[in-house]
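Trainee: I'd like to learn how to read sheets, domains and interfaces in a model. Could you walk me through one?

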Amino acid sequence: MDRHGVNRVSGQTSMIMIVFVVLIMIALGVFFLVSSVKPTISEYENLYVHNLLLTVLRTDTGYRSPCTTISETMSSVALTPGRNCGGKSNTEILDETVPILIQTILGDKYLTKYDYYIKVEPENYEVAGGISKSYGNQKLETRQNKWVANEKILQYQSNLRIMLILADA
Amino acid sequence: MKSKGQAHIMEYFILSFFVMVVIVLLIIFITTYQIGSSRSEQSDAQFQKTMFMLKTFSSSPLLNKLAYKEGSMLEDSKLTALSSIPCSEAEGAFGQGWFAEVKVIGNTVECTRDTYPNCGIWSFCRKSGNFKAYDVPVNIYRKTTGRVDAGMLTVGYYG
């Protein structure tokens with residue numbers, strides 16, 4: 001190999017070294033980036049949505065039986081629609097308490113941070129039908145990033161499914 | 001011949017300089033990452049501590065109405081009793097450095113032994129200083145009337 005050949009090999013070795021170092025840098029960057037990515041499901045939001053649903057269901061409406069609490073009113077609406085609870089029908093009471101209560105609890109977070117959707121329906125609603133009620137933004141059902149809480153109410157020998165969705169506004 | 005040798009030295013000098021720059025950049029990058037991840041771990045630890053306190057507080061039998069195993073049904077008489085004792089005693093039950101507040105929605109009257117039961121705000125171990133806090137909805141059971149109200153439980157840690 002002549003002198004020109006030796007120089008060419010030396011230049012190639014330098015280039016390979018540079019490329020090798022750059023590759024190590026890129027690999028390190030990718031590693032740090034991947035290891036710093038955190039899961040999007042937040043423990044806090046899960047706790048929040050479950051507590052929100054539980055709180056809403058247990059809260060008193062201020063009306064008499066069978067609409068004493070919101071969960072009782074939900075059962076009453078689904079199973080004995082139109083029933084009177086102290087001057088107002090159970091459906092009216094549910095319509096006026098649920099959205100206001102959720103929005104009040106969310107407070108400043110409502111529409112600045114979170115939006116909500118709540119659905120109440122009998123079990124096997126898809127097959128047996130019945131009365132279904134929902135409040136809030138239905139579009140949240142199809143959202144990818146959302147927090148969901150589910151509860152069941154057993155009353156009058158019948159199950160009710162309640163689903164609350166919370167998502168970024 | 002001489003100029004070729006100089007070019008060779010120059011080539012090695014540039015290569016060494018480049019490798020040095022890469023090593024320095026790598027050190028800066030790793031140090032920054034370490035500082036960032038240590039801060040993030042500190043913040044995660046505080047978050048986990050607050051979450052634990054939030055769950056403990058909302059499910060503690062010291063504050064919950066009997067027969068509510070799932071918790072989050074705080075009894076107003078128990079809250080009043082706990083808010084009346086010195087913070088050091090409450091810290092004996094729940095640990096140190098925390099504070100909590102329970103608020104009935106729409107009520108602005110601070111609860112003391114004098115204002116109970118016509119009140120809706122209970123504060124525990126409130127001090128001044130920087131803190132990070134989280135809140136969750138809870139129910140408040142009114143022992144005198146049997147009514148269940150909606151409220152917010154806020155728990156935070158100083159520091």
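Mentor: Start with what pairing means here: two strands pair if DSSP finds at least two bridges between them. Keep in mind that this is a predicted model. With that, look at strand β1 (residues 114–122) and strand β4 (residues 158–168) of chain A, which pair in the antiparallel sense over nine bridges.

Trainee: Which residue in β4(A) is the bridge partner of Glu121(A)?

Mentor: That's Arg161(A). In general, strands of a sheet pair through backbone hydrogen bonds, either parallel or antiparallel.

Trainee: In what order do the four strands of the chain A sheet come?

Mentor: The order is β2-β1-β4-β3, in an open sheet with antiparallel pairing. β2 (133–136) and β3 (146–155) of chain A are the edge strands, each pairing on one side only. From one strand to the next, the twist averages 10°.

Trainee: What packs on that sheet?

Mentor: α2(A) does, touching β3 and β4 of chain A, and its direction makes about 30° with that of β3(A). Then there's helix α3 (residues 70–79) of chain A, which lies across β1, β2, β3 and β4 of chain A. Relative to β4(A), helix α3 of chain A runs at about 120°.

Trainee: How far apart do the C-alpha centres of domain 1 and domain 2 of chain A lie?

Mentor: They are 61 Å apart. For the bounds, the domain assignment gives domain 1 as 1–37 and domain 2 as 43–168 in chain A.

Trainee: Now chain B. What is the strand order in its open sheet of five strands?

Mentor: Read it as β1-β4-β5-β2-β3, with mixed pairing. β1 and β3 of chain B stand at the edges with a single partner strand each, so one side of each has no neighbour in the sheet. The twist in this sheet averages 30° from one strand to the next.

Trainee: Which strands does β2(B) pair with?

Mentor: Take β5 (residues 148–158) of chain B to begin with: seven bridges join it to β2(B), and the two run antiparallel. Within that pairing, Val102(B) has Leu153(B) as its bridge partner, and Trp98(B) stands opposite Tyr157(B). The other partner is strand β3 (residues 121–124) of chain B, paired with β2(B) in the antiparallel sense over four bridges. There, Lys103(B) stands opposite Ile121(B).

Trainee: Is strand β2 of chain B mostly covered or mostly uncovered?

Mentor: Mostly covered: five of the seven residues in β2 (98–104) of chain B are buried. As a general point, side chains in a regular strand alternate between the two faces of the sheet.

Trainee: And why does Ala67(B) count as exposed?

Mentor: Because Ala67(B) has 6 C-beta neighbours inside 10 Å, and a residue is exposed if that count is 12 or fewer. Ala67(B) is found in the loop between α1 (2–59) and β1 (73–75) of chain B. The C-alpha atom of Ala67(B) is separated by 42 Å from that of Arg39(B), 28 residues apart along the chain.

Trainee: Last one: how many residues of chain A are in contact with chain B?

Mentor: 21 residues of chain A, in contact with 21 residues of chain B. On the chain A side, the elements giving two or more residues are α1 (3–36), α2 (43–58) and α4 (90–106). α2(A) provides the largest share, nine residues. By type, the chain A side divides into twelve nonpolar, six polar and three charged residues.

Key
Residues numbered from 1 in each chain as written. Chains lettered and ligands numbered in written order. Predicted model: local features only at pLDDT ≥ 70, side-chain atom pairs only at ≥ 80, totals over all residues. Contact = placed C-beta atoms within 7 Å. Nonpolar A, V, L, I, M, F, W, Y, C, P; charged D, E, K, R; others polar. Buried ≥ 20, exposed ≤ 12 C-beta atoms within 10 Å, placed from the backbone. Axes fitted to C-alpha atoms, helices over the stretch in contact; angles between N-to-C directions. Domains from an automatic or database assignment.
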